[in-house]
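Please open the structure in a viewer and display it as a cartoon.

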Amino acid sequence: VQLQAFGGGFVQAGGSLRLSCAASGNIRSINTMNWYRQVPGKPRELVARLTSSRVRYYADSVRGRFTISRDNAKNTGYLQMNSLKAEDTAVYLCYADVTSGGNLYPGQYWGQGTLVTVSS
């Protein structure tokens with residue numbers, strides 16, 4: 001199983017970006033999809049989570065601005081980011097709980113990061 005995150009870029013404050021996290025491999029189901037972000041010198045922060053039962057979690061700093069979603073048919077998760085602020089600048093990483101192949105239990109996988117830069 002591999003996760004590939006993409007969609008980052010440079011945007012002015014107030015703008016929007018949509019990140020995607022595509023899972024590939026012999027996937028049976030993606031259980032929980034998470035988006036984290038990392039700023040140098042700071043702990044990795046959980047930004048948003050979407051469970052298989054459609055329960056959503058958002059960090060206080062992004063609630064009301066970011067929306068997490070998924071397309072199970074495409075094995076892809078998304079993070080729609082609106083009203084971006086300079087403090088949202090970070091490397092964004094996806095992390096998913098995936099059941100694959102003939103495995104009984106799910107495994108946990110990280111995608112590579114995608115850089116989001118917001119200019120003030």
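**Before the first selection**

This is a predicted model, in which local features need pLDDT of at least 70 and side-chain atom pairs count only at pLDDT 80 or more, while totals for chains, interfaces and linings use all residues. Residues are numbered from 1 along each chain as its sequence is written, and side-chain values use heavy atoms, with hydrogens and water left out.

**Stop 1: the whole chain**

Colour the cartoon by secondary structure. The protein has eleven strands and zero helices; here helices (H or I, at least four residues) and strands (E, at least two) are DSSP runs, numbered from the N terminus. Along the sequence, the pattern reads β-β-β-β-β-β-β-β-β-β-β.

Next, consider the overall dimensions. Along the principal axes, the C-alpha atoms fill a box of roughly 50 × 25 × 25 Å. The radius of gyration of the protein is 14 Å, which agrees with the value near 14 Å for a compact globule of 120 residues. This radius is taken over C-alpha atoms, and the globule rule is 2.2 Å times the number of residues to the power 0.38.

How many of the 120 residues count as buried, as a percentage? The share is 42%, where buried means under 20% relative accessible area, exposed over 50%, and partly exposed in between (1.4 Å probe, protein chains only). Of the contacts (heavy atoms within 4.5 Å) with a separation of 6 or more, 54% come from residues 24 or more positions apart.

**Stop 2: the nonpolar core**

Select Met33, Trp35, Phe66, Ile68, Leu79, Met81 and Tyr92, and show their side chains. These residues have the most contacts inside the largest nonpolar core, which has 29 residues. Such a core is a set of buried Ala, Val, Leu, Ile, Met, Phe, Trp, Tyr and Cys residues joined through side-chain atoms within 4.5 Å.

Which strand gives the most to this core? Strand β9 does, with five residues. At least two core residues come from each of β1 (2–6), β3 (17–24), β4, β5 (45–50), β7 (66–71), β8 (76–81), β9 and β11 (114–119).

Now centre the view on Leu79. Apart from neighbours within four places in sequence, Leu79 is in contact with Leu17, Arg18, Leu19, Trp35, Val47, Ala48, Phe66, Thr67, Ile68 and Tyr92.

**Stop 3: the aromatic rings**

Select Tyr36, Tyr95 and Trp110, which ring pairs link into a cluster. The structure holds three aromatic pairs. Rings of Phe, Tyr and Trp (its six-membered ring) pair if their centres lie within 6.5 Å; planes under 30 degrees apart count as stacked, over 60 as edge-to-face and the rest as tilted.

The ring centres of Tyr36 and Tyr95 are 6.1 Å apart and the planes stand at 85°, so this pair is edge-to-face. The two residues are 59 residues apart, with Tyr36 in strand β4 (residues 27–38) and Tyr95 in strand β9 (residues 90–100). Tyr36 is buried, at a relative accessible area of 15%.

For Tyr95 and Trp110, the centres are 4.5 Å apart and the planes are at 40°, so this pair is tilted. Trp110 belongs to strand β10 (residues 107–110), 15 residues from Tyr95. Trp110 is partly exposed, with 39% relative accessibility.

Arg44 lies over the face of Trp110, at 4.6 Å from the ring centre; the rule requires NZ of Lys or CZ of Arg within 6 Å of the ring centre and within 35 degrees of the ring normal.

**Stop 4: the salt bridges**

The count of salt bridges is four, each being a side-chain nitrogen of Lys or Arg within 4 Å of a carboxyl oxygen of Asp or Glu.

Glu45 and Arg37 form a salt bridge at 2.8 Å, N to O. Glu45 is partly exposed at 29% relative accessibility, whereas Arg37 is buried at 6%. Asp88 also forms a salt bridge with Arg37, with the closest N and O atoms 3.0 Å apart. Asp88 lies in the loop between β8 and β9, 51 residues from Arg37 in strand β4.

Finally, select Arg63 and Asp60. Their salt bridge has its closest N and O atoms 2.6 Å apart. Asp60 is exposed at 65% relative accessibility, and Arg63 is partly exposed at 46%. Elsewhere, salt bridges that share partners join Arg37, Glu45, Arg65 and Asp88 into one network.
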